[in-house]
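Let us go through this structure by way of its helix pairs, and then turn to one residue within a helix.

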Amino acid sequence: MKQLHIKVLVGLFLAAGVLAWGGARLWDSFGTLPSVPVAAPVVLGLIAAVLAATAFSFRSRLRAQRERRPGAKGVEPLVAARAVVFGQASALVAALVAGLYGGVGVFLLSTGLEVAPRRDQAIYAALSVVAGVAVVAAAIFLERVCKLPDDDGNGNGGADAAV
């Protein structure tokens with residue numbers, strides 16, 4: 001399984017941001033602007049919390065297993081692989097969504113925040129970007145927790161992850 005690359009996530013964020021900024025300018029020229037839902041940062045925050053909780057749980061269980069504590073419950077390889085795939089998919093989607101809301105937020109900042117609804121939309125967009133970054137950070141942490149230690153016996157130098 002391939003690891004997430006920060007370059008890919010940043011590129012996706014920037015591309016989505018530029019497209020959203022252009023789309024927001026075009027949409028605003030028609031007299032309206034699509035709203036940033038209040039639920040966007042909440043949902044992204046919940047996903048980040050689930051990924052972080054999973055990573056901390058796996059880390060403690062794997063540490064207990066490595067230290068051979070009595071009654072230590074390990075992590076099933078298939079469960080770890082599924083968690084990592086969920087984390088990677090979440091990180092990719094969060095980078096895209098954060099880029100979209102970031103582009104809209106930049107547009108709102110550039111047009112001025114004198115009007116209260118635009119100010120609220122800019123705040124929701126900023127919170128969505130922060131929550132998206134939290135999802136990416138939690139997903140990368142989960143991936144690092146589930147990574148197998150280097151093993152010279154399999155010929156690939158420990159490039160496999162999470163299984």
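At what angle do helix α2 and helix α3 pack, and how far apart are their axes? In this predicted model, helix α2, which covers residues 39–66, packs against helix α3, residues 77–111, at an angle of about 150°, and their axes are 11 Å apart. Since angles over 145 degrees count as roughly antiparallel, α2 and α3 are therefore roughly antiparallel to each other, and the crossing in which α2 passes α3 is left-handed. On the α2 side the contact is made by A40, L44, I47, L51, T54 and F58, which meet α3 residues including V79, A83, F86, G87, V97 and Y101. Sorted by class, this contact of α2 with α3 has 12 nonpolar and 3 polar residues, with no charged residues.

A second pair is formed by helix α1 (residues 6–29) and helix α4 (residues 116–145), whose axes come within 13 Å and cross at roughly 165°. α1 and α4 are therefore also roughly antiparallel to each other, while their crossing is right-handed. Here I6, L9, F13 and D28 of α1 meet R118, V129, V136 and I140 of α4, and by class the contact of α1 with α4 has 6 nonpolar and 2 charged residues, with no polar ones.

Helix α4 also holds E143. Is E143 buried or exposed? Its relative accessibility is 2%, and because buried means under 20%, E143 counts as buried. Leaving aside residues up to four places away in sequence, E143 touches K2, Q3, L4, V84 and Q88. Between E143 and G87 the C-alpha to C-alpha distance is 7.4 Å, although they are 56 residues apart in sequence.

Notes. Residues are numbered from 1 along each chain as its sequence is written. This is a predicted model: local features need pLDDT of at least 70, side-chain atom pairs count only at pLDDT 80 or more; totals for chains, interfaces and linings use all residues. Side-chain values use heavy atoms; hydrogens and water are left out. Axes are lines fitted to C-alpha atoms, for helices over the stretch in contact, and angles run from 0 to 180 degrees between N-to-C directions. Helices (H or I, at least four residues) and strands (E, at least two) are DSSP runs, numbered from the N terminus. Angles under 35 degrees count as roughly parallel, over 145 as roughly antiparallel, 65 to 115 as roughly perpendicular and the rest as oblique. A crossing is left-handed if the near helix is turned anticlockwise from the far one by less than a right angle, and right-handed if clockwise. Contact means heavy atoms within 4.5 Å. Ala, Val, Leu, Ile, Met, Phe, Trp, Tyr, Cys and Pro count as nonpolar, Asp, Glu, Lys and Arg as charged, and the others, Gly among them, as polar. Buried means under 20% relative accessible area, exposed over 50%, partly exposed in between (1.4 Å probe, protein chains only).
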